[in-house]
Amino acid sequence: MADTSLTNKKIAVLATDGVERRELEEPRNTVEDAGASCELLSLQTGQIDLRDHDLEPAGTAEVDRLVKDARAEEYDGLVIPGGTVNADKLRSDEDAVAFVRAFVESGKPVGVICHGPWTLVEAGVAKGRTLTSYPSLRTDLRNAGATVVDEEVVIDGNLITSRSPDDLPAFCAAVVDAIAHGSQA
C-alpha cells in the first residue's frame, strides 16, 4: 500500500545552478511518492544545472517558479538541498534569504541538507538552534550561534538538518514525517 500521508500537501524545493542532484531529486521524489505536490523554486526561470559530487554535470531540472514570486503561506513544507555552488548562490540572493526566513518563522517544516544550512545562517535563523551540516560549514553555524552536532538527522522544532547525501534515507523520512504531522516550532 502506498504512503499517502502527504496527500493535498504542497512542498517547495529551493535550488539553483550547482545543486547536488541526489539532494534535490530524492527528497522531491519521496514527498511526491507520499502524495504531495512539489514546486521547484529558483532564482531564474527555465532550467537549473544539477551536479554530482559538486563538480560533475548531472543534467538539469525544470524550474516551476521564481522564489521572488512565492510566499511561505502557499506551502506546507520546504526542502533546501545542498551543493556548494547552489548554497552560495542562494545565500547571496535577497529573495531566497527572505523566503527562507519567512518559512522558518512560519513554524512549518524546513528540511535542509549538506551545504544548505548556509541559507539558515544568512537568514539569521540559526541562532539558538541545534543543527548539523556538511563538516566544512560547522564553524559558520557555530559562529551564527547554533549548537552543532554530528548526527545523521537533527530535528530542532521545525528545522530538520542532515550532513550529506549518505544521510538521504533518514533525512527524507524525517521530512515526510514532519510535514505529515504539521511540525510547528
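Let's start with Ser-133: setting aside neighbours within four places in sequence, this residue touches Cys-114, Pro-117, Arg-138, Leu-141, Ser-162 and Arg-163. Keep in mind as you read that this is a predicted model.

**Two buried residues**

- Ser-133 sits in the loop between β9 (130-131) and α5 (138-143).
- Its relative accessible area is 0%, so Ser-133 counts as buried, the cut-off being under 20%.
- Leu-131 belongs to strand β9.
- Leu-131 is buried too, because its relative accessibility is 0%.
- Once neighbours within four places in sequence are left out, the contacts of Leu-131 are Leu-120, Ala-126, Leu-141, Ala-146, Thr-147, Val-148, Val-149, Val-154, Leu-159 and Thr-161.
- Leu-141 turns up in the contact list of Ser-133 and in that of Leu-131.
- Leu-131 and His-115 are 16 residues apart along the chain, and their C-alpha atoms are separated by 12 Å.

**Helix α6**

- Helix α6 covers residues 168-180, and at 1.5 Å a residue its 13 residues should span 18 Å; the C-alpha atoms at its ends are 18 Å apart, so the two values agree.
- Which residues of α6 are buried? They are Leu-168, Ala-170, Phe-171, Cys-172, Ala-174, Val-175, Val-176, Ala-178 and Ile-179.
- In an α-helix there are 3.6 residues a turn, so residues three or four places apart point the same way.
- After α6 comes Gly-182, which has a positive phi, near 60°.

**Strand β3 and its partners**

- Strand β3 (residues 37-42) has 5 of its 6 residues buried, so the rest of the structure largely encloses it.
- β1 and β3 run parallel and are joined by 5 bridges.
- Ala-12 stands opposite Glu-39, which is in β3.
- β3 also runs parallel to strand β6 (residues 65-66), with 2 bridges between them.
- Here Ser-42 is found opposite Leu-66 of β6.

**An open sheet of three strands**

- Another group to look for is an open sheet of 3 strands, with the order β2-β4-β5 and mixed pairing.
- The edges of this sheet are β2 (19-20) and β5 (56-62); each has a single partner strand, so one side of each is left without a neighbour in the sheet.
- β2 runs parallel to strand β4 (residues 47-52), and 2 bridges join them.
- Glu-20 has Arg-51 of β4 as its bridge partner.

**The largest pocket**

- The largest pocket has a volume of about 170 Å³.
- Its lining is made up of 13 residues, and those closest to the centre are Glu-20, Glu-23, His-53, Asp-54 and Pro-165.
- Which element gives the most to the lining of the largest pocket? That is α1, with 3 residues.
- By type, the lining residues divide into 6 charged, 4 polar and 3 nonpolar.
- Glu-20 ties two topics together: this residue is among those closest to the pocket centre, and its bridge partner is Arg-51 in β4.

Notes
Residues numbered from 1 in each chain as written. Predicted model: local features only at pLDDT ≥ 70, side-chain atom pairs only at ≥ 80, totals over all residues. Heavy atoms only, no water. Helix = DSSP H or I, 4+ residues; strand = E, 2+ residues; numbered from the N terminus. Expected span 1.5 Å × (residues − 1). Buried < 20%, exposed > 50% of the residue type's maximum accessible area, 1.4 Å probe, protein only. Pairing = 2+ DSSP bridges. Contact = heavy atoms within 4.5 Å. 1 Å grid on protein atoms, 1.4 Å probe; cavity = no way out; pocket = protein on both sides within 12 Å on 5 of 7 lines; lining within 4 Å. Points joined across faces, edges and corners; volume = space filled by probe spheres on them. Nonpolar A, V, L, I, M, F, W, Y, C, P; charged D, E, K, R; others polar.
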